[in-house]
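Reader: Please take a close look at one helix pair in this model. I would like the geometry, the residues in contact and the cut-offs behind each term.

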Amino acid sequence: MNYQSFFEGAVSALKDEKRYRVFADLERVVGRFPHAIHRRDGEERDVTIWCSNDYLGMGQNNHVISAFCDAAQGMGAGAGGTRNISGTNHPLVELENELCDLHNKEAALVFTSGFVSNEAAISTIAKLLPDCLILSDQLNHASMIAGIRNSGAQKQVWRHNDMEHLEELLKAAGPERAKLIVFESVYSMDGDIAPIEQIADLADKYNALTYIDEVHAVGMYGPRGAGICERDGVMDRIDIIEGTMAKAYGVLGGYITASAAIVDAVRSYAPGFIFTTALPPALARAAATSIRYLKESNAEREGQQRQAQRAKDVFSAAGLPVLPSETHIVPVLVCDPDLCKQASDILLDEYGIYIQPINYPTVPRGTERLRITPTPFHDDQLIDTLRDALVEIWDRLDLPKVEPGAFVEVDAMADRMAAKLQVFPAAGG
């Protein structure tokens, strides 16, 4: 048996479907965010990053960098073990205390990533509850889906943000059965927001636990950056809040906050927590510093929201197909994997603008897009430069535009693009 041929065939299939991922070799430079050095084929050039999840530029904040360096100099590079075997360093304990305070919960537990925290927490909670039914939003992240799958519990998927459908499922399950409602606050591909208060109302009515993923919201929303739950005044109505330090906080790691009993159960039973080396002290200290800083400072949040809204308005006024995002995420629809990759390549090669194409399975087939994430450091001139580049590329690739000032819906744009490609196939499409 030729084992290598199976792997080569799997990769070739991705290339044939125009969804093979190519990584950009980037070197971020402190003090120049969002600019970076891009290396390819032995050459270096300056590029502007427009798709970073470092939403507020905190990865290059001087307070965060100093905290990281001081902790590394004082305590070394690694944690030295799992949490149970010498790895519970003091900065990690301090970080969990900061997270308790941030979300006003009894306890917090830090994991090595947001993916791990979702997979480990959801699977463990559902396993511990007898005959648990998991009710999952249709657009939940892959890490949440992995946790649901690994729990072995029965799941039912409710249509995205559809409260009537969720209530139907809850009612059919009955008040006595253990139920876990799993959803996100900000959905990272469309930029829309869950109706959290309505979900909490249904959870109360039908006796269900609630688990929310706030990874694209923590640091970004609320008076102290605790997320959409804080902004909307419903933090106390959600049982488990999950988040990350790797996006708006600019560092690394995931976490959950909940009651002491729930956190202790996950701590004691989750293999993804028990058998993983702890977060190093320098990362923990940097993350705690970033959280503490953003509890006090609103300047970064306000600047980011201002520039994100300006980007939406400018792109829409130019006739670009922008989704009506409620948040800091600015999706521009292409609706074809090959053309999306072509647009991304032209931006990088000719304009020095890096926006990674978003294709299946991150988004459904036919809804491919450029996911743009303006930060406080993307000034008006950078926004105008990106608009001009996108307009030129849209014209060159003969991509559909919309009425200036209008926003588009995913399904309508996908149908329009499918019809266009069927009748007038684009070059290379």
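Author: Helix α2 (residues 62–75) and helix α12 (residues 281–296) pack with their axes 8 Å apart, at an angle of about 150°. Helices here are DSSP runs of H or I with at least four residues, numbered from the N terminus, while strands are runs of E with at least two. The axes are lines fitted to C-alpha atoms over the stretch in contact, and angles run from 0 to 180 degrees between N-to-C directions. The angle therefore makes α2 roughly antiparallel to α12, a label given to angles over 145 degrees. The crossing of α2 and α12 is right-handed; that is, the near helix is turned clockwise from the far one by less than a right angle.

This is a predicted model, in which local features need pLDDT of at least 70 and side-chain atom pairs count only at pLDDT 80 or more, whereas totals for chains, interfaces and linings use all residues. Residues are numbered from 1 along each chain as its sequence is written, and side-chain values use heavy atoms, with hydrogens and water left out.

On the α2 side, the contact (heavy atoms within 4.5 Å) is made by His63, Val64, Ala67, Phe68, Ala71, Ala72 and Met75. From α12 come Pro281, Ala282, Leu283, Arg285, Ala286, Thr289, Ser290 and Tyr293. By class, the contact of α2 with α12 has 11 nonpolar, three polar and one charged residues. Ala, Val, Leu, Ile, Met, Phe, Trp, Tyr, Cys and Pro count as nonpolar, Asp, Glu, Lys and Arg as charged, and the others, Gly among them, as polar.

Elsewhere, Arg45 sits in strand β3 (residues 43–49). The backbone oxygen of Asp349 lies 3.2 Å from a polar atom of the Arg45 side chain.

Conventions
A polar contact is a pair of N or O atoms within 3.5 Å; within protein, one must be able to donate a hydrogen and the other to accept it, and residues adjacent in sequence count only if both atoms are side-chain atoms. Angles under 35 degrees count as roughly parallel, over 145 as roughly antiparallel, 65 to 115 as roughly perpendicular and the rest as oblique.
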